[in-house]
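Hi everyone, thanks for having me.

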Amino acid sequence: MATAVADALAEHHEVVVLCGRPSYDPSHRHPFYFLRREKRGKVFVERVGSTTFPRHRMARRVLNYLSYVTLSLPRALTIRADVVLAMTDPPFEGIVGAFVAWLKRRPFVYNIRDLYPEMAVSGEIVRPARWVRFWEKLHRWALRRASRVIVLGDDTCERIIAKGIDPARVVVVRDGARMPKAINQGNGTHAVTREVRSGYPFVVLHAGNLGFYGAWATVVKAARMLNGDGVGFVFVGDGAARSHVETSAEGCNAIRFQPYRPADQVPYVLAAGDIHLLTIRRGLEGVVVPSKLYPILAAGRPVLVLAHEESDAARVVRRSGCGVVANPDDPAALVALLRDLSQDPERVARMGERAAAIANEFTLEKELHRFVEVMEGAA
């Protein structure tokens, strides 16, 4: 999304992106350097040589964050800017961005991807402590400094307003997705689609990042209860929680894990799921808003939201009828729901039709246009 935002802004403005070395995709590696300049289309990219330890180990991940901030802050202070935009990766980047904007006396726009420190505490990445409370104070200072706060969903919007921020300065801009040229490419017959389905008659597909925020214990318990019933959970991708989920699912025949697929295979991957899983642990609604919902809708596939009913994804699904919502703490109820769905293909097909029908509400182009309007208004 960050790349798309930069490209959209660059249509009418000069955009300088200050970032670190790539570390999310193992195939993208840069040798160490203190500063490297690139030009991508109309966007000027400046990379500082932060460390790129694997993201799965939190201590080394924090070193990546700290080395990035140490090298990027001096450079940020020297770049001429009319407005400063910061996101929440690293988690304290918004605080740094607000500080830079304050020193430069420029407007600040805070784009919240995941809400910290709530994400770190609720996801059990850190324990509540005095330094976490200090982090929250700094975060609220950054929110008050922001001319606009851009969030990914209505649930996050409500959390930000509850912190005492003026509702007029909080704007919902979702990630959205590009509409594919053909919905459900392959129609289940493509080799990639068959491979992803793993031979299950009814597939619950999770394609994307397996992060700390998922209700994975409920999923694994449900899969064990469904073992041999023809319903299978297929995970395509990786993430910080994958090894833990794999270990807890050991010996379960109703779960399969597969690696990420190349971009040109993604439509066939999306077509492989009878229903797509989107999960958020209870208590994390509004703290994290998974963007995977929108490609699923664009592919015309129904959605199973395993999350609190007040989460943004659950609201979208209930409003539109494009899927179902299940209790993230009740594996037995999840099993009963999936057994019913696996025996009711007409209901599943209707939900897929509703998904395709509402996908146009969340196109990437519409969301980017709104993002640009917010940035221009702040400047």
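Okay, let's begin with helix H3, which is mostly covered: 9 of its 12 residues are buried. Keep in mind that this is a predicted model. The buried ones are Glu-93, Gly-94, Ile-95, Val-96, Gly-97, Ala-98, Val-100, Ala-101 and Lys-104.

How far apart should the ends of H3 be? Well, H3 runs over residues 93–104, and at 1.5 Å a residue its 12 residues should span 16 Å. Then, just after H3, Arg-105 takes a positive phi of about 55°.

Next stop, Ser-67. You'll find Ser-67 in helix H2, residues 58–78. Is Ser-67 buried or exposed? Its relative accessible area is 17%, and the cut-off for buried is under 20%, so Ser-67 counts as buried. What does it touch, if we leave aside neighbours within four places in sequence? Ser-50 and Thr-51 are both in contact with Ser-67.

Now for the sheet. A quick reminder: strands of a sheet pair through backbone hydrogen bonds, either parallel or antiparallel. Here we have 4 strands in an open sheet, ordered E4-E5-E6-E7, and the pairing is parallel. Strand E4 (84–86) and strand E7 (170–172) are at the edges; each has a single partner strand, so one side of each has no neighbour in the sheet. From one strand to the next, the twist averages 20°.

Let's zoom in on one pair. Strand E6, residues 148–151, pairs with E7 in the parallel sense over 3 bridges. As for Val-149, its bridge partner in E7 is Val-170.

Methods. Residues numbered from 1 in each chain as written. Predicted model: local features only at pLDDT ≥ 70, side-chain atom pairs only at ≥ 80, totals over all residues. Heavy atoms only, no water. Helix = DSSP H or I, 4+ residues; strand = E, 2+ residues; numbered from the N terminus. Expected span 1.5 Å × (residues − 1). Buried < 20%, exposed > 50% of the residue type's maximum accessible area, 1.4 Å probe, protein only. Contact = heavy atoms within 4.5 Å. Pairing = 2+ DSSP bridges. Axes fitted to C-alpha atoms, helices over the stretch in contact; angles between N-to-C directions.
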